[in-house]
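Here's a quick tour for anyone new to this structure.

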Amino acid sequence: PRVAPITAPNVAMPSLCNVYTLTDSHVGMLAWHKEGGADWNLDIAEETLTGCFAAMVKASPSAETCVVAQLGDWMHYDGHVAQTPMHKHPLDADGRFGKMVRVAVRILRRIIDMALAKHRKVVVVMAEGNHDMASSVWLRAMFSALYENEPRVEVIDSELPYYVYQHGETMLGWHHGHLQKNGQLPLTFAAQFPKIWGNTTKRYCHTGHRHHVEEKEHSGMTVIQHPTLAARDAYAARGGWIAERQVTSITYSDKFGEVARNTVTPEMLA
């Protein structure tokens with residue numbers, strides 16, 4: 001069944017767009033605090049992701065538009081076997097694939113509904129990650145169908161793993177980070193979306209994949225690499241990869257680019 005439209009909220013800031021980024025959430029992953037410092041499973045993922053998203057929405061300005069940027073690796077694995085799609089590396093999994101799918105879909109529906117309750121227009125990015133290359137396809141198709149009767153929801157439909165939205169004179173782009181290094185992304189987006197590039201003066205690309213913060217201004221575009229809310233699994237812990245767990249909403253003006261940020265950590269939910 002399709003979701004019925006709901007009444008749009010009153011907003012005071014039509015020139016603004018809030019970008020809510022969730023990347024490398026790894027729903028379905030199993031982590032043990034004795035190895036990585038914190039636990040992660042389906043129940044913890046649902047509580048953490050929905051709680052942190054709600055906190056981001058509450059702290060952000062009442063912008064007319066928002067982007068729910070699910071930036072890839074939402075699903076920890078991509079089928080009935082818990083392994084990476086490309087290299088077949090074994091993964092620590094919590095439960096069956098069907099259970100993981102149900103939790104993953106339920107979380108996404110809740111966060112999109114939260115966004116609809118605050119913003120008049122909700123743009124949805126369901127990006128391809130290296131852990132969920134196939135699942136990202138059915139997630140885009142499913143949520144496009146689910147909200148097809150809700151004119152306030154736009155799901156970006158791109159078969160290529162590069163996604164873009166033009167907010168006035170501000171260009172907003174997304175790529176998981178598994179196929180392009182950060183320094184390559186400005187040229188890739190300029191070549192892939194030349195009209196939007198030419199019609200904008202402020203340009204930003206959001207990426208993930210590496211689970212830690214990195215930000216650099218390149219010629220013509222700033223690339224922002226986002227961290228994850230997920231705990232470290234055994235592979236990351238044994239490899240010595242340590243990063244702060246957090247999620248950030250960034251507010252963009254249609255003329256001036258970035259104008260505000262709000263950061264939420266799992267500890268803030270306690």
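## The cavity

The largest cavity holds about 40 Å³ of space. A cavity here is a set of points on a 1 Å grid over the protein atoms alone where a 1.4 Å probe fits but cannot get out, and a volume is the space filled by probe spheres set on the points, which are joined across faces, edges and corners. Its lining, meaning residues with an atom within 4 Å of a point, includes Thr21, Leu49, Pro227 and Gln246.

This is a predicted model, where local features need pLDDT of at least 70, side-chain atom pairs count only at pLDDT 80 or more, and totals for chains, interfaces and linings use all residues. Residues are numbered from 1 along each chain as its sequence is written, and side-chain values use heavy atoms, with hydrogens and water left out.

## The pocket

Then there's the largest pocket, at about 1000 Å³. A pocket is an open set with protein on both sides within 12 Å along at least five of seven lines. It has 37 lining residues, and His209, His211, Tyr235, Ala236 and Trp241 sit nearest its centre.

## Strand E9

Strands are DSSP runs of at least two E residues, numbered from the N terminus. In E9 (residues 221-225), five of five residues are buried, that is, under 20% relative accessible area with a 1.4 Å probe, protein chains only. Met221, Val223 and Gln225 point one way, Thr222 and Ile224 the other.

Strands pair if DSSP finds at least two bridges between them. E7 (residues 202-207) runs parallel to E9 with four bridges, while E8 (residues 214-218) runs antiparallel with five. Ile224 partners His206 and also stands opposite Glu215.

Definitions and conventions. Buried means under 20% relative accessible area, exposed over 50%, partly exposed in between (1.4 Å probe, protein chains only).
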